[in-house]
Amino acid sequence: MLSQVVVVGGSAAGLSAVETLRREGYDGPIALIGDEVHLPYDRPPLSKQILKGVWESTRLALRPSSALNALEVEWLLNRRAESLDMQQRVVRLSNGCECQFDGLIIATGVTPRRLAAGHELANVHTLRSLEDAAKLREGLLNSRSVVIVGAGFLGAEVAAAAREMGRDVVLVDPLAAPMVRQLGAYVGSRFADLHREKGVSVRCGVGVQAMLGRNGTVSEVVLSDGSAVPADLVLVAIGSVPATDWLAGSGLPLTNGVDCDEFCQAAPGVVAAGDVASWLDPELGRVRVEHRMNATEQGIAAARTLLGRREPFRPVPYFWSDQFTIKLQAYGSTGADLRFHPVQVDGKNRFSGVYESSGRVVGALAWNMAKEARTLRTLVVERAPIDSVAGIHPPQVSATG
Amino acid sequence: MKVFVHKDKCVGAGQCMVAAPEVFDQNPEDGVVILLQANPLPELHANVREAAWLCPAVAIEIESD
């Protein structure tokens, strides 16, 4: 019988797991360790509303304090977990304290990757936390030339926000188009068009060779083709690394974040959820996603497993992105290795499509057709044969024509 | 139970629609939530609560009677 739960990680996944424990009848002690000073808050708006100054940070709170108080959790915030001792069943904190557990939920998320050099220069940013967003906003307000390194979700969203804030924006990525790795060539080319139309200088097919500074502040980015781009501010958005350093030596498998089985379990009495956790999907193998919705869904699944209610975790991943006037919604697998078939195309500004693997629908996407995404989701769940999809176009890799 | 939706927070995930289709719908253009019933009957309350905790944008607020 579970009697002492420790949760490491105070963001969306940790909160979801805690709420599930309480909802499903666990009344015992829960200690939650978070390395930020804040109670759980929402990250997606950091690259959008917060950056643009449309929202105050108080709107990011994931729950009102009354709801958090009702959970009866011991909140150990601003504390870092330093190690996990699986023999003693103890999490050791950087301040020397030890948290004993018989059930452990790991939800420590990811940290931004950095370039090999240049981060010591002022005005070179990464974005993960509320503090990062506040500094980035301040930097953007005081900059003219902005270089975004990396055109995945985060880089593309910040490029759009910075452009809307009137900055000169250069978006750099070694791949052929923004979002290509995540969404494939067709959708990537649409994003390239969108950003260019809005005045972003999209420099694809190049990487960053060096960041140069003047008086300790970044002034220029040298690209791999030898060209130099002026930069008052740089955002490095080249992906993230699961935060598992503190688990080195714990004995937990860590090949892709915290390696969990199909029930989100990493070891007896230890589960993981959110950006940090990979799980075993019978069709896809080992999967890890860094989506906001996954934090909630996997938090629920991990908590249930800890309570003995074991169900295979088989989510249909959902993610979205807002850039300029575009609202993108997507379900399932959408990577560059899949074939993308447009389904509905309504001019340049509205379209939907499905991603195919071995003749079946494994992903769906809608560009300013959000409700259509929900409809296509059913095809993803069913793994519908591609030939059965009404109105489908042949696979496309480019948006011309 | 009274239900409120914050349309400006909604990101169009549609999880609410799956959890409680009698209570939540989506604008076809931008996917923003449409509240179909602000005072759902008791038999729908469990589904509405599920919708609220699933919502990734914390856009659903519930006031219990």
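Trainee: Which helix of chain A gives the most to the lining of the second largest cavity?

Mentor: This is a predicted model, where local features need pLDDT of at least 70, side-chain atom pairs count only at pLDDT 80 or more, and totals for chains, interfaces and linings use all residues. Residues are numbered from 1 along each chain as written, chains are lettered from A, and side-chain values use heavy atoms, without hydrogens and water. A cavity is a set of points on a 1 Å grid over the protein atoms alone where a 1.4 Å probe fits but cannot get out, and its lining residues have an atom within 4 Å of a point. Among the residues lining this one are Arg190(A), Asp193(A) and Trp367(A), and the top contributor, with four residues, is helix 5 (residues 180-197).

Trainee: How many charged residues are in that lining?

Mentor: Asp, Glu, Lys and Arg count as charged, Gly among others as polar, and Ala, Val, Leu, Ile, Met, Phe, Trp, Tyr, Cys and Pro as nonpolar. The lining splits into three nonpolar and one polar, and the charged ones number four.

Trainee: What volume does the largest cavity have?

Mentor: Cys10(B), Cys16(B) and Cys55(B) are among the residues closest to its centre. Its lining has 10 nonpolar, five polar and no charged residues. The volume, the space filled by probe spheres set on the grid points, is about 110 Å³.

Trainee: Is Cys10(B) buried or exposed?

Mentor: Buried means under 20% relative accessible area, exposed over 50%, partly exposed in between (1.4 Å probe, protein chains only). At 14%, Cys10(B) counts as buried.

Methods
1 Å grid on protein atoms, 1.4 Å probe; cavity = no way out; pocket = protein on both sides within 12 Å on 5 of 7 lines; lining within 4 Å. Helix = DSSP H or I, 4+ residues; strand = E, 2+ residues; numbered from the N terminus.
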